[in-house]
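Dear colleague,

My notes on what was found in it follow directly after.

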Amino acid sequence: MKLFYDIANAGFYVYSTFIIGYFIFVNTFYFTMLAVSFSAIVHYLRRNKFCDYTVIMQSELTPAISILAPAYNESATCVHSTHSLLKLNYPTAEVIFINDGSKDDTLEVMIREFGLVKTQRVYVQKIFTQPVLGIYISTKKEYKNLILVNKCNGGKADALNVGINVSRYPLMCAIDADSILEDDALLKVVKPFLDNNRVIAVGGIVRIANGCTVEHGRVKEIRLSKKFIPSFQVVEYFRAYLSGRMGWSALNGLLIISGAFGLFLKEIVLAVGGYKHDTVGEDMELVVRMHRHCKENKIPYGVEFVPDPVCWTEAPETLKVLGRQRNRWHRGLIDTLLIHKRMLCNPRYGVLGTLAVPYFFFIEMLGPIIEAIGYIAVLAGFFLRIINVQIFILFFVVSVVYGVMFSVGAVLLEEISFHRYPRLQDLLKLMFLGVIENFGYRQLTVWWRVRSFWDYFRGVKTWGAMHRVGFANQAKK
Amino acid sequence: MFFTFLITIVAIVLIVMKIGSRIRTAAAHRYEQKIQQALSEYLFSDVEEIDPASDPQRYEKVLLPLLERLRQSTISNVTFSRRIRRQVMLSVMLDVSKNLSGETVGRLRLAFQRLGFVDDEVKNAHSAHWWIRADACRNLQIMYAENALDILSTLLDDENEDVRIESAQSMVDIAGVEALSPILLTIDDITPWMEIRLSKSVLHFGSSAVSHLAKGMKSKSNRVQRFCVEMMGSIGDVYAVPIILEYIDYEVLEVQCESLIALGKLGDERATPIILRYLKSKNEPIRIAAAAALGKLSSPATVDALNGLLLHDTLQVRLAAAEALTQLGGIGARTLIYSTHTDDPETKLVAYQFLDELGYCVTSERTT
């Protein structure tokens with residue numbers, strides 16, 4: 001019995017030491033990224049001073065953009081979102097709305113609202129997709145830049161591939177049909193393509209619209225939601241975008257461009273075969289494949305993130321839907337990293353192989369498992385009196401206090417740089433949420449991500465239903 | 001307890017920062033108003049009417065007392081340091097310059113020179129920080145500092161893209177069209193952003209820029225050459241036709257295609273037989289460019305040639321030909337309608353697509 005106790009004691013001690021070391025390493029890395037991001041944001045703001053976006057708006061030389069909006073059962077939000085897309089400030093853009101075999105009345109709603117009629121059009125399958133049932137254009141002059149493609153259901157990636165096949169312009173902007181872009185978002189997201197001929201993809205920031213007032217497809221007033229779940233996600237998005245993606249972009253190691261808002265060079269997307277349709281993380285997978293294609297073919301390239309052009313999205317408001325979303329995101333991450341495992345710790349891929357992919361593999365992908373076991377082991381060890389109070393407090397400090405500081409740091413970064421939440425009470429609430437999310441909410445997200453491993457290895461490929469309230473209803477709420 | 005303490009500290013720091021920022025902003029605002037008032041007095045006071053171009057020395061002499069009053073009225077503030085005061089003053093003057101016209105512009109430029117702001121910006125143009133150099137270039141342009149052209153031209157080689165763009169833009173704004181060819185020949189490469197910025201000035205200069213763009217064709221950068229051809233096409237001066245024709249067989253495909261498109265934009269019928277020759281090129285991008293160019297040149301030969309492409313070429317060329325036909329008006333549309341009766345399904349589909357886009361025959365019954 002004593003031997004068993006000694007072994008357990010040693011095991012707990014070793015694991016708790018490992019987990020503390022892991023947390024110190026991870027959080028130190030996060031803080032380094034926060035510093036890199038801060039520097040990158042300062043650089044971005046300085047550059048922005050020399051950019052007059054009206055010049056881009058008025059120039060005939062500005063490259064044209066095809067906006068791809070895939071939709072599945074989006075009848076609640078599609079009209080608002082499409083109006084918002086058609087009103088965007090950009091000299092030449094076409095909006096391609098792809099109805100991915102919706103079971104609700106998305107198609108009928110769109111036909112009615114925009115006066116669409118079926119038309120003949122050359123459809124070349126540069127990328128293989130599910131059959132296209134019809135291509136619609138509007139009889140109304142004000143909607144001449146809108147094209148609706150009705151197709152058999154094949155998933156978001158397949159819908160985007162149809163959009164790529166239909167699109168005419170050299171740049172393609174992939175967005176979610178339930179998102180709202182700010183008026184000048186395209187002008188801002190295209191800028192890196194204008195600055196550097198080698199840029200192949202640019203991601204914009206995604207912010208949470210819950211709580212904001214949305215009128216006629218535009219966000220009129222920015223406020224935090226009164227509900228806790230969407231508000232927690234605001235802090236999470238700050239961390240992910242302003243700290244994470246900005247930092248990786250500065251290191252040219254950006255692996256994720258959100259499916260909700262990204263601009264791509266169509267030529268390269270076609271060269272890699274478009275979106276992969278049998279993964280739930282098609283946005284990340286495409287970016288990693290584009291990186292890989294350029295590296296393997298020795299094509300000089302850049303993938304950038306711009307923190308200013310905003311895409312507003314509706315975040316899940318219930319734990320059930322949020323859990324499904326996080327589960328899907330993590331399955332997408334696992335899938336992408338396993339597809340491209342060849343890049344892991346491979347110096348041939350430069351920063352990607354030596355830093356970005358290992359980070360996503362060991363910290364983002366495996367992190368939840370290590371963290372979950374750490375919580376259980378340390379708590380069990382403490383209550384069984386195998387580990388002492390000092391180690392328990394140290395664990396608490398490195399896991400939770402570091403987390404609090406990182407979240408508050410991300411909120412401060414937002415406040416210093418873009419300051420999109422003008423009300424002081426919203427700022428204080430964000431600070432408060434940055435603290436309390438570490439007690440329960442964070443552990444819940446860890447649990448969802450751990451569960452995603454089980455679903456992934458069982459072969460689950462579903463997205464799970466995402467209930468949307470709709471922006472018009474958001475305002476009423 | 002710890003977290004309550006932490007959040008209280010952060011909240012207090014934020015509130016103090018916000019209050020401090022508001023107090024400073026209010027003080028700066030008051031000071032700005034004072035400078036604006038003094039500047040208005042300087043700019044709009046009645047003085048003896050003298051043409052600054054014919055007698056600049058006398059003009060300056062008349063304005064000097066007013067200028068001295070402006071200087072005195074702005075140095076009495078003790079809230080801010082001299083550096084901050086000069087920064088605020090400069091920012092007010094730069095802001096005011098956007099809304100001035102006529103003689104007051106000359107007064108403001110004199111103030112920039114005499115109060116030492118031009119010298120400050122010339123110094124800043126040597127700064128180790130790129131954003132200070134870029135800012136200096138832009139300010140020198142607003143100040144219309146002709147004596148800074150040398151330093152601006154050296155910044156065309158700057159390591160930073162924004163500095164290069166700002167210096168080029170300032171040179172064009174200060175020296176006019178004459179600055180164009182030195183810029184085009186000095187820069188190693190041109191990004192789309194620089195193209196967009198420069199194109200605004202080039203199009204403003206119009207025909208007078210053509211000879212400078214022709215000189216720019218001697219640049220080592222193919223992108224600069226392509227830009228020059230594109231601009232000559234957009235300006236629309238037929239004197240550019242012989243210059244562009246020199247590059248129609250150029251070794252770089254991009255320049256060759258752009259030359260064909262520019263010839264089309266210029267709309268000179270002399271170019272039609274030459275462009276028609278390129279429809280038989282083995283190179284698909286050249287045939288596409290030639291088809292696009294013909295869309296601007298209406299003639300029976302053009303319509304026949306585009307119809308031929310629509311019937312017998314690759315899909316991309318057919319699409320370009322159909323689009324060109326839509327630009328030819330009624331005759332092009334009739335050709336497209338005729339093409340819908342052919343047996344070739346691809347030709348039919350292409351013709352239907354563009355007729356639909358023209359609004360000719362959109363029907364909800366037809367199936368894809």
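In this predicted model, the axes of helix H8 (residues 228-250) of chain A and helix H11 (residues 319-339) of chain A come within 11 Å of each other and cross at roughly 30 degrees. Angles under 35 degrees count as roughly parallel, and H8(A) and H11(A) are therefore roughly parallel to each other. Their crossing is right-handed. On the side of H8(A), the contact is made by A:Ile229, A:Gln233, A:Glu236 and A:Tyr237; H11(A) contributes A:Leu319, A:Leu322, A:Gln325, A:Arg326 and A:Trp329. By class, five of these residues are nonpolar, two are polar and two are charged.

H11(A) also packs against helix H16 (residues 441-457) of chain A, at an angle of about 55 degrees and with the axes 8 Å apart. H11(A) and H16(A) are therefore oblique to each other, and the crossing is right-handed. From H11(A), the residues in contact include A:Leu319, A:Leu322, A:Arg326, A:His330 and A:Ile334. Among those they meet in H16(A) are A:Tyr441, A:Leu444, A:Trp448, A:Arg449 and A:Phe453. The contact of H11(A) with H16(A) comprises 10 nonpolar, five polar and six charged residues. A:Leu319, A:Leu322 and A:Arg326 take part in the contact with H8(A) and also in that with H16(A).

I turn next to the nonpolar core. The largest such core has 277 residues, and A:Ile67, A:Phe264, B:Tyr42 and B:Leu213 touch the most other members. Helix H1 (residues 2-48) of chain A supplies the largest share of this core, with 14 residues. In soluble globular proteins, nonpolar side chains tend to be buried together. Beyond its neighbours within four places in sequence, B:Tyr42 is in contact with B:Leu63, B:Leu66, B:Leu67, B:Leu70, B:Leu108, B:Leu110 and B:Ala111, and also with B:Arg107.

B:Gln256 is found in helix H14 (residues 253-266) of chain B and is buried, with a relative accessible area of 11%. Apart from neighbours within four places in sequence, B:Gln256 is in contact with B:Tyr247, B:Ile248, B:Asp249, B:Tyr250, B:Tyr278 and B:Ile286. The C-alpha atoms of B:Gln256 and B:Glu68 are separated by 59 Å, and these residues are 188 residues apart along the chain.

B:Thr191 is located in the loop between helix H9 (180-186) and helix H10 (192-205) of chain B. B:Thr191 is likewise buried, at a relative accessible area of 12%. Setting aside neighbours within four places in sequence, its contacts are A:Leu194, A:Asp195 and A:Asn197 in chain A, together with B:Glu161 in chain B.

Finally, I would mention two backbone features. Most residues other than glycine have a negative phi. A:Asn73, however, has a positive phi near 50 degrees. A:Asn73 lies in the loop between strand E1 (65-71) and helix H3 (78-86) of chain A, and counts as partly exposed at 32% relative accessibility. A:Asn252 is not a glycine either, and its phi is positive at about 55 degrees. A:Asn252 sits in the loop between H8 and strand E11 (261-265) of chain A, and at 29% relative accessibility counts as partly exposed.

With kind regards

Definitions and conventions: Residues are numbered from 1 along each chain as its sequence is written. Chains are lettered from A and ligands numbered from 1 in the order in which they are written. This is a predicted model: local features need pLDDT of at least 70, side-chain atom pairs count only at pLDDT 80 or more; totals for chains, interfaces and linings use all residues. Side-chain values use heavy atoms; hydrogens and water are left out. A nonpolar core is a set of buried Ala, Val, Leu, Ile, Met, Phe, Trp, Tyr and Cys residues joined through side-chain atoms within 4.5 Å. Buried means under 20% relative accessible area, exposed over 50%, partly exposed in between (1.4 Å probe, protein chains only). Helices (H or I, at least four residues) and strands (E, at least two) are DSSP runs, numbered from the N terminus. Contact means heavy atoms within 4.5 Å. Axes are lines fitted to C-alpha atoms, for helices over the stretch in contact, and angles run from 0 to 180 degrees between N-to-C directions. Angles under 35 degrees count as roughly parallel, over 145 as roughly antiparallel, 65 to 115 as roughly perpendicular and the rest as oblique. A crossing is left-handed if the near helix is turned anticlockwise from the far one by less than a right angle, and right-handed if clockwise. Ala, Val, Leu, Ile, Met, Phe, Trp, Tyr, Cys and Pro count as nonpolar, Asp, Glu, Lys and Arg as charged, and the others, Gly among them, as polar.
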